Amino acid sequence: MSKVLIIAEHLNGRLNSSTARCVTCAREAKPEAISVLVLADAPAAIAAEAARIDGVSKVLTVANPANAHALAAVYAPQIAAAAQGGYTHVFAPSTTFGKDVMPRVAALLGVAQVSDIMKVTDAHTFQRPIYAGNAIITVQAPADQLLVATVRTASYPAAGNGASAAPVEALNLAVDLPTHTRFVDLAQGKSDRPDLQSAGRVVSGGRGVGSAENFAIIYKLADKLGAAVGASRAAVDAGYVPSDLQVGQTGKIIAPELYVAIGISGAIQHLTGIKDAGTIVAINKDGEAPIFEIADIGLVGDLFKIIPELEQALG
Amino acid sequence: MKILVGYKRVVDYNVRIQVKPDGSGVVTEGVKLSANPFDDIALEEALRLREKGVATEVIVATIGPADAQAHLRNGLAMGANRAIHVVTPAAVQPLTAARTLLKLVEKEQPQLVILGKQAIDDDCNQTGQMLAALWNRPQATFASKVEVSGGSAKVTREVDAGLETIEVDLPAVITTDLRLNEPRFIKLPDIMKAKAKPLETIDFASLGVASGDHLKTTTYAPPPKRSKGVMVKDAAELVAALKTKGLL
C-alpha cells in the first residue's frame, strides 16, 4: 500500500491552495495514508490549515528559522530525510515552488521524477503532458523506488475541508543545512483582486490591448466580473503588465470556470495554459485568430467598442 | 572563470507536434531540429558574462546522437569557445543527463553551469536542479537577472508570487527563464569561424555513468480536443450566452 508525503506550499504564513490540489491527486492513487509536511520558521498556523484538508491523515512540521523562505537547497535535504520515514510517494505542486525543489529531492534520493501529473492510472502509472501539452504520455515508474512527482494543479480541484482535523506532529530531522544559498527579497505584485492561479473567473488581455494604459479597461471589466487579471506573453513582453500575470506554458497554467481572452490571438504556448478552463470566451478583431479554435464563445470585433458595451450589458 | 552551458537539441518550437497514429511516439522524422530556446538564452547569458570580463571561457555541451555535431557548431558560431559532445545513441532522462553533466563539471571545474529551465520536448524541468543536488552546490532556477560579483551571484527568479532575489555562492547552477535576455543571431562569418573551434567527442559509455532512466513511457496520445464553440454577434448576445451556461 502507498503512503504519500505532500510538501506544503505556503507564503506569508498561509497555505497555498496548490497543496489541497495535490491531496486530490494523491487520493487518486488510493493510498493508505496521506501526510503533509510543512517546512517553515513558524509552521503552526499553516499546519492547522493543512490538517483540515479532507483526506489528510497527518501533518508533520519542521520549525526552523532556516525554513523561513522556500530555498530548494535548504528544503530538499529535509524533504529527502522525511520521505525516507516510510513513504512510497512524495508529491508537490508543479508550481515554481515544486518545480524548483522536487528534482533536487529526487536527485538526492537517486530516483527519477514524474513532472506534471495530470492523471493517476495506478500508484505507479501516470499521465503527463509533453511538447507544451501537444502530446500526453503515460509513464510507468518502478514500484521498488520512492516516487517523486509534481502535480499539475490545473488538472485537480482543491480538496475541501474534512469533518475533523488530522493530528499535527513536530518532526525532528538530523540534517545539515547549507548556507551557500541566501534569500534576499521577494517583489510581489500587490493586488486586492482574486489570485490568478486559483480564481474562478479570469479576464486576460493580449497585444491587442495596445498599451499599459489601455490595460485599465481589462482591470475594469475584471473588477465588474469579480475576476483575476491575466495576460498573454506578448502583452508581458511588450511591458503592458508584470510577468507574474502571464498565462501560458511558460507562465501560469490555470483552470478557471470562466476565462475571457481579450485581444489575444492564441499562440500555442498561451492555449496550453488555459486548456482546462471551463468556458473560454474570446474577443478579437481577427476572426481567423487561433484563439477561436478553442473558444466556447467567440465574438469578432473591436475590443475598445465591445468592452464598454459588455460592461453595460452586465448591468 | 569558466562557464559550462547545457545545450540540448529539440524539435523546433515552430513545428506542430503530431502524435503517431499507433501511439508509439511523436513524429520526428523530417522535422526541423533546433537548440532548445531556453538553452539559447543560457548560452547568450554566458557570452554576455564573458563580454563583461566576468568569465574567460564558455563551453557548450550536449548529450545526443552523432548527428548532433552540427547543433554544437551552431553554439560555437554563436560564440562559445569550445564544445563537448557526449555521444549517446538514445535520448537520456534528466537524472542520467544530470549525472553526465556532473562528470563534465568534475573534468572542467566551471564556476557556473547555466542551463535552460526546461527542454521544450519533454518539458521535465529537472536537469539543472538535479545537477545542483548531485554536485552539492546552490541552484538558482528560472532566472530573469544574473549579477556575478566576487565569489557569489545575485539572481532574480521568476516565481509565481512575483520576482524573488537570492544570493548564491559560486560555483552554482543557474537555469534560465524567458526574460533573462534575447539571444543574438548567428552571423555567416561566425559559422565559418566555428568550424575551426575545438569540439571534443566523448563516448557516453566511457564516462561510467549509472543510468537514471527509470521511467518507461508506454503510450503517446494527442491531447483531448475541446468541442467547437459558437460565435455571437455582440456584447448582449455574449452576456445572454453566459447566462444560459449559468456563468453569470
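Among the contacts in chain B that link residues at least 6 apart in sequence, 68% join residues at least 24 apart, where two residues are in contact if their C-beta atoms, placed from the backbone, lie within 7 Å. This is a predicted model, in which local features need pLDDT of at least 70 and side-chain atom pairs count only at pLDDT 80 or more, while totals for chains, interfaces and linings use all residues. Residues are numbered from 1 along each chain as its sequence is written, and chains are lettered from A and ligands numbered from 1 in the order in which they are written.

**Chain B and its sheet**

Chain B has six helices and 13 strands; helices (H or I, at least four residues) and strands (E, at least two) are DSSP runs, numbered from the N terminus. The C-alpha trace of chain B spans about 65 × 45 × 40 Å along its principal axes. Of the 248 residues in chain B, 48% are buried, a residue being buried if 20 or more other C-beta atoms lie within 10 Å of its own, exposed if 12 or fewer, and partly exposed in between, with C-beta atoms placed from the backbone.

An open sheet of 10 strands, with mixed pairing, runs in the order E13(A)-E9(B)-E8(B)-E7(B)-E10(B)-E6(B)-E1(B)-E4(B)-E5(B)-E11(B); two strands pair if DSSP finds at least two bridges between them. Its edge strands, each pairing on one side only, are E13 (181–188) of chain A and E11 (199–203) of chain B. Direction ignored, neighbouring strands of this sheet are turned by 25° against each other on average, the axes being lines fitted to C-alpha atoms, for helices over the stretch in contact, and angles running from 0 to 180 degrees between N-to-C directions. Within chain B, strand E6 (residues 112–116) and strand E10 (residues 172–176) run parallel and are joined by five bridges, with Leu112(B) standing opposite Ala172(B). The loop between E9 and E10 of chain B holds Pro171(B), and the peptide bond from Leu170(B) to Pro171(B) is cis, with omega near 0°.

**Contact between the chains**

The contact takes 65 residues from chain A and 62 residues from chain B. On the side of chain B that touches chain A, the largest share, eight residues, comes from E9(B). The residues of that side divide into 34 nonpolar, 14 polar and 14 charged; Ala, Val, Leu, Ile, Met, Phe, Trp, Tyr, Cys and Pro count as nonpolar, Asp, Glu, Lys and Arg as charged, and the others, Gly among them, as polar.

Leu303(A), Ile306(A), Ile307(A) and Leu310(A) are buried in H9(A). Seen down the axis of H9(A), the buried residues fall within an arc of 100°, so they line one face of the helix, the arc being that of the directions from the helix axis to the C-beta atoms. Lys305(A) and Gln312(A), on the other side of H9(A), are exposed. The cover over the buried residues of H9(A) includes helix H5 (216–225) and strands E16 (258–262), E17 (279–284) and E18 (297–300) of chain A, together with helix H6 (235–244) of chain B. Gly315(A), whose phi is positive, near 80°, follows H9(A).

In helix H2 (residues 44–51) of chain A, the buried residues are Ile46(A), Ala47(A), Glu49(A), Ala50(A) and Ala51(A). These pack against several elements of chain A, among them helix H1 (18–28) and strand E4 (33–40).

**Individual residues**

Two non-glycine residues with positive phi are set out below.

| Residue | Phi | C-beta neighbours within 10 Å |
|---|---|---|
| Asn136(B) | near 60° | 11, exposed |

Ala132(A) lies in the loop between strand E9 (125–130) and strand E10 (135–140) of chain A, whereas Asn136(B) lies in the loop between H4 and E7 of chain B.

His89(A), found in strand E6 (residues 89–93) of chain A, is buried, with 22 other C-beta atoms within 10 Å. Leaving aside neighbours within four places in sequence, His89(A) is in contact with Ser2(A), Val4(A), Leu5(A), Ala29(A), Leu147(A) and Ala149(A).
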